Amino acid sequence: MELVMDIAVVALRMLLPLYTIVIVYQCFASMRRKRRSERSLVLLQDTETGVKIPVLFWENSIGRSRGSDIAVDDPAVSRDHCVLLRRKEGWFIADTGSKTGTFVNGSRVRRRTQVKIDDIISIGNREYALKRGDEFHEELKSSWFFSKVSNKPAMKSYKLMILITLFHIFMGVEACFCNGAENFKEYWFSPVFDPMYICAALVAVEWIYFAISSFALKRVSFEIESLCLFLTGIGVMLLVRQDMRSALVQLIAAAVGMVVFCALIKFIENPDRIGKWRLIIMIAAVGLLAINLVFGKVTNGSANWIQLGPITIQPSEFVKIAYIFVGASTLDRLQTKQNLIEFIIFSMVCVGALALMGDFGTALIFFMSFLIISFVRSGDFKTLILALTGASAAAIIVLRFKAYVLDRFKAWRHVWQHTQDAGGYQQARTLTYIASGGLFGVGIGNGCLKYVAASESDLVFGLMSEEMGFIVAVTIAIAVASLFLYARSVTTRARSTFYSISACCAAGMLVVQMSLNIFGATDILPLTGVTFPFISAGGSSIISCWGLLAFIKAADEKTYSLKVKQK
């Protein structure tokens with residue numbers, strides 16, 4: 001009997017990697033389907049020549065710059081002259097500091113002004129009449145992600161959830177067989193924090209969330225959430241043979257993260273609401289960092305934790321969400337100098353505060369996010385070069401005055417010479433146990449990396465590779481990286497530049513964070529001590545990841561169904 005059970009466990013370990021590939025593939029395959037064809041929303045007709053210009057986006061920059069969505073070859077037109085944008089109430093136009101002004105039916109635009117069908121918009125020496133888009137069609141060029149969209153129906157959300165549920169159950173069963181089949185009965189009749197009890201609680205949370213999303217919130221798509229429920233469940237189940245209490249805390253934090261996700265989706269439903277709350281969010285984020293600087297608990301060289309009774313939180317994880325709110329905005333606000341200056345100052349405060357705390361890993365994530373937002377906002381490589389130059393100078397200063405950071409750099413790429421000291425102890429063992437796990441892993445709970453400090457957080461890629469196999473670990477990494485490709489592909493379909501920029505920045509944060517985690521643990525980069533999104537243990541981290549996911553979800557055209565008035 002024990003022989004049969006041992007064979008079943010081995011078969012299960014070989015099944016899970018292939019099962020992982022199937023689930024990730026189905027999630028992204030479903031994202032590519034059910035996409036509408038993009039056509040012109042309205043037209044701008046030149047009153048002098050009669051030429052019709054298709055308006056393809058919800059927010060359109062108009063100006064002399066070649067980078068404008070609607071380029072106007074007229075010396076009287078500013079480079080960034082105005083913005084034509086669509087809202088639930090209809091179409092509006094806003095002047096963005098042009099020299100000659102913008103006019104609607106002869107009246108100068110002082111603030112965002114509504115434009116109705118057949119109204120005349122005057123820009124420089126040009127006049128355009130707003131016309132309905134249904135009398136002229138021009139296909140919007142698709143991104144490669146949607147270039148070959150299948151007409152085959154996407155997998156039903158409940159079927160995808162069944163696949164994910166079975167995967168997590170299989171992980172629970174495998175954890176029950178930890179250290180061999182002879183201990184199965186002992187584990188089965190163990191106290192309440194048995195792996196299968198945690199698994200049952202995980203499945204309950206997943207299906208309750210699915211029911212709320214489908215029936216109460218009436219979401220028409222669930223692919224992104226399915227993928228992240230899958231990743232979250234893997235992170236929870238990896239903890240059941242390390243620390244049952246940590247697994248339970250991780251599950252509770254994940255449930256809180258799902259609530260935050262839903263709340264953020266609702267909050268950013270109206271992109272104009274962000275402008276009203278932007279200053280409040282900025283002040284709150286700076287205040288949170290200030291509290292962290294004063295009351296922060298020093299852990300492993302950085303003071304980025306605050307102790308609140310039995311609960312420990314990492315404020316910088318929540319500031320990530322605030323950072324996106326401040327950095328992204330609607331196009332008409334984005335083109336103002338005040339908006340840009342505020343964002344640069346806020347970025348300097350965030351990165352500076354994190355550097356003072358000694359949390360250079362998170363500071364690097366914020367800096368990379370600054371580069372992403374800056375480039376998406378302006379498309380200017382000069383800004384990136386200037387920022388990188390400043391960062392290089394700052395890095396030299398850090399290495400000069402932070403000895404423990406310098407020690408890590410000295411051990412970088414030489415961890416086998418530092419296997420018994422802090423410089424290379426963790427990385428050397430991570431590389432060893434990744435190799436011992438092979439393609440299919442040694443089984444959940446059977447690994448040795450779990451005895452190394454931070455194996456469930458900073459070194460979780462190694463833990464996942466050892467216990468579940470290198471195939472699973474690489475597939476999960478590809479899944480997180482693909483979120484950025486997906487976020488980039490939906491930007492042309494988003495209702496506002498706020499959604500476009502915030503989705504790219506949120507996905508970029510997740511990918512940079514994952515890259516630092518993987519490459520730091522495997523000695524490709526210096527170890528920075530950041531978490532693997534959705535997988536690593538940490539309540540603040542998992543809540544933050546679900547919060548960031550809301551920005552990616554909001555950029556999807558199917559998230560909000562709005563009926564726009566055409567007058």
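**Notebook: helix packing, strands and single residues**

**Entry 1. Helices α8 and α17.** I looked up how helix α8 (residues 315–327) packs with α17, and I found an angle of about 145 degrees and axes 9 Å apart. I noted that this is a predicted model. The crossing of α8 and α17 is right-handed. On the α8 side I listed Lys320, Tyr323, Ile324 and Phe325, which meet Phe498, Ser502, Cys505, Ala506, Met509 and Gln513 in α17. Sorted by class, this contact of α8 with α17 has seven nonpolar, two polar and one charged residues.

Entry 2. I then moved to the loop between α17 (497–521) and α18 (539–555), where I located phenylalanine 534. I recorded its phi as near 70 degrees, a positive value in a residue other than glycine. I set beside this the general rule that most residues other than glycine have a negative phi. Is phenylalanine 534 buried or exposed? Phenylalanine 534 counts as buried, because its relative accessibility is 1% and the cut-off for buried is under 20%.

**Entry 3. The whole protein.** The protein has 567 residues, and 53% of them count as buried. I also looked up contacts between residues at least 6 apart in sequence, and 69% of these join residues at least 24 apart.

**Entry 4. Helices α14 and α15.** I turned to helix α14 (residues 425–437) and helix α15 (residues 460–468), which pack at an angle of about 25 degrees with their axes 7 Å apart. That angle makes α14 roughly parallel to α15, because angles under 35 degrees count as roughly parallel. The crossing of α14 and α15 is left-handed. Which residues of α14 meet α15? I wrote down Thr430, Tyr433, Ile434, Ser436 and Gly437, and their counterparts in α15 are Phe461, Gly462, Ser465 and Glu466. By class, the contact of α14 with α15 holds three nonpolar, five polar and one charged residues.

**Entry 5. The loop between α14 and α15.** In the loop that lies between α14 and α15 I found alanine 454. Alanine 454 has a phi near 70 degrees, again a positive value in a residue other than glycine.

**Entry 6. Helices α4 and α6.** I looked up α4 with helix α6 (residues 244–267) and found an angle of about 5 degrees and axes 10 Å apart. The two helices α4 and α6 are therefore roughly parallel to each other. From α4, I listed Pro195, Ile198, Ala201, Leu202, Val205 and Tyr209. The residues they meet in α6 are Met244, Ala247, Leu248, Leu251, Ala255, Met258, Phe261 and Cys262. How do the residues of the contact of α4 with α6 divide by class? I recorded 14 nonpolar, no polar and no charged.

**Entry 7. Serine 213.** Serine 213 has its place in helix α4 (residues 195–216). I marked serine 213 as buried, because its relative accessible area is 1%. Leaving aside residues up to four places away in sequence, I found that serine 213 touches Lys218, Arg219, Phe222 and Glu225.

**Entry 8. Strand β6 and its partners.** I examined strand β6 (residues 90–95), which is mostly covered, with five of its six residues buried. Strand β5 (residues 82–87) runs antiparallel to β6, and six bridges join the two. A hairpin leads from β5 to β6 through two residues. Within this pair, leucine 85 has phenylalanine 92 in β6 as its bridge partner. I also found three bridges that join β6 to strand β9 (residues 113–115), again antiparallel. Here tryptophan 91 stands opposite valine 115 in β9.

**Entry 9. The open sheet.** Finally, I traced an open sheet of six strands in the order β2-β1-β11-β10-β7-β8, with antiparallel pairing. Which strands are at the edges? They are β2 (52–55) and β8 (107–108), each of which pairs on one side only.

Key: Residues numbered from 1 in each chain as written. Predicted model: local features only at pLDDT ≥ 70, side-chain atom pairs only at ≥ 80, totals over all residues. Heavy atoms only, no water. Axes fitted to C-alpha atoms, helices over the stretch in contact; angles between N-to-C directions. Helix = DSSP H or I, 4+ residues; strand = E, 2+ residues; numbered from the N terminus. Parallel < 35°, antiparallel > 145°, perpendicular 65-115°, else oblique. Left-handed = near helix turned anticlockwise from the far one by under 90°. Contact = heavy atoms within 4.5 Å. Nonpolar A, V, L, I, M, F, W, Y, C, P; charged D, E, K, R; others polar. Buried < 20%, exposed > 50% of the residue type's maximum accessible area, 1.4 Å probe, protein only. Pairing = 2+ DSSP bridges.
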